[in-house]
Amino acid sequence: MAQFPQSTVYLLKRAELAVRGCVEVALGGVDLTPSQYFILLLVKSEEASSSAELARAMGVLPQSMTELIAPLEKKGAIVRRPDPDNNRILRIELTAAGDRLFAKATEVALRLEQELLEGFDERDLVLLNRMFVELTAKAEAHSYHPKLRRLGKVAAKSKPARPARKTPVRRRAGSEG
C-alpha cells in the first residue's frame, strides 16, 4: 500500500469523527443529539432565535431545522412564539425544562471535554484554539465555502439580464422607424 503524507485536514476530520462519536454517546445519556444540544446552545446564548437563523448557524437547510427542532419542542425544552414585529417569524425560546436540560447537557459536555483534553499542555490548548479560530475564518472566507457559493448564486440571480446601453443605437441610413 502506498504511503501518503498525513494531511492536516484529514487528521482534523478524523479527530472530528472520533470526538463526535464520544459526544453522541455522552449526550445520549441526557436524551439529546449533538445537533439538538447545539440548538439549545445557540438559543441560550442568543446567537439564533428563529429556524432560519439556526439553519445558517448550523450550516443546514432551513427545511431541515423542523426535524431538529420538533423533538425539542415535543420534550417541552423549547417553545416557538410569533415575533412581535413579524408574525411570519417564529422565535424560539428555552422553557424552564429546556434550561435544566441545557445545564445538564453542558455539564456532560464539559466533563467529556475535560477527559478528552486531559494531559494536554495549557499553552498547546491556547494555540490549538487560536488555530481553529483562524482555520474556521479562512474556510468561511474561501470561495469553496457553501455560504459564499450560495451568496454568489443569489447575486447572479439579482443581476439584470442585460446591461443598459450607454450609447444610442445607430440606425443605418435608409431605415425607418
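**Exercises on the pocket and the core**

The largest pocket in this predicted model has a volume of about 2,000 Å³. Here a pocket is an open set of points on a 1 Å grid over the protein atoms alone where a 1.4 Å probe fits, with protein on both sides within 12 Å along at least five of seven lines; lining residues have an atom within 4 Å of a point. The volume is the space filled by probe spheres set on the points.

Residues are numbered from 1 along each chain as its sequence is written. Local features need pLDDT of at least 70 and side-chain atom pairs pLDDT 80 or more, while totals for chains, interfaces and linings use all residues; side-chain values use heavy atoms, without hydrogens and water.

**Exercise 1.** Describe the lining of the largest pocket.

*Solution.*
- Step 1: 37 residues line the pocket, and Leu-12, Ala-15, Glu-16, Val-19 and Phe-132 lie nearest its centre.
- Step 2: Two or more lining residues come from each of helix 1 (8-28), helix 2, helix 3, helix 5 and helix 6 (122-141). Helices are DSSP runs of H or I, at least four residues, and strands runs of E, at least two.
- Step 3: Helix 1 gives the most, 11 residues.

**Exercise 2.** Find the residues that touch the most other members of the largest nonpolar core.

*Solution.*
- Step 1: A nonpolar core joins buried (under 20% relative accessible area, 1.4 Å probe, protein chains only) Ala, Val, Leu, Ile, Met, Phe, Trp, Tyr and Cys residues through side-chain atoms within 4.5 Å.
- Step 2: Among its 23 residues, these are Leu-32, Ile-39, Leu-40 and Leu-54.
- Step 3: Helix 2 supplies the largest share, five residues.

Conventions
Buried means under 20% relative accessible area, exposed over 50%, partly exposed in between (1.4 Å probe, protein chains only).
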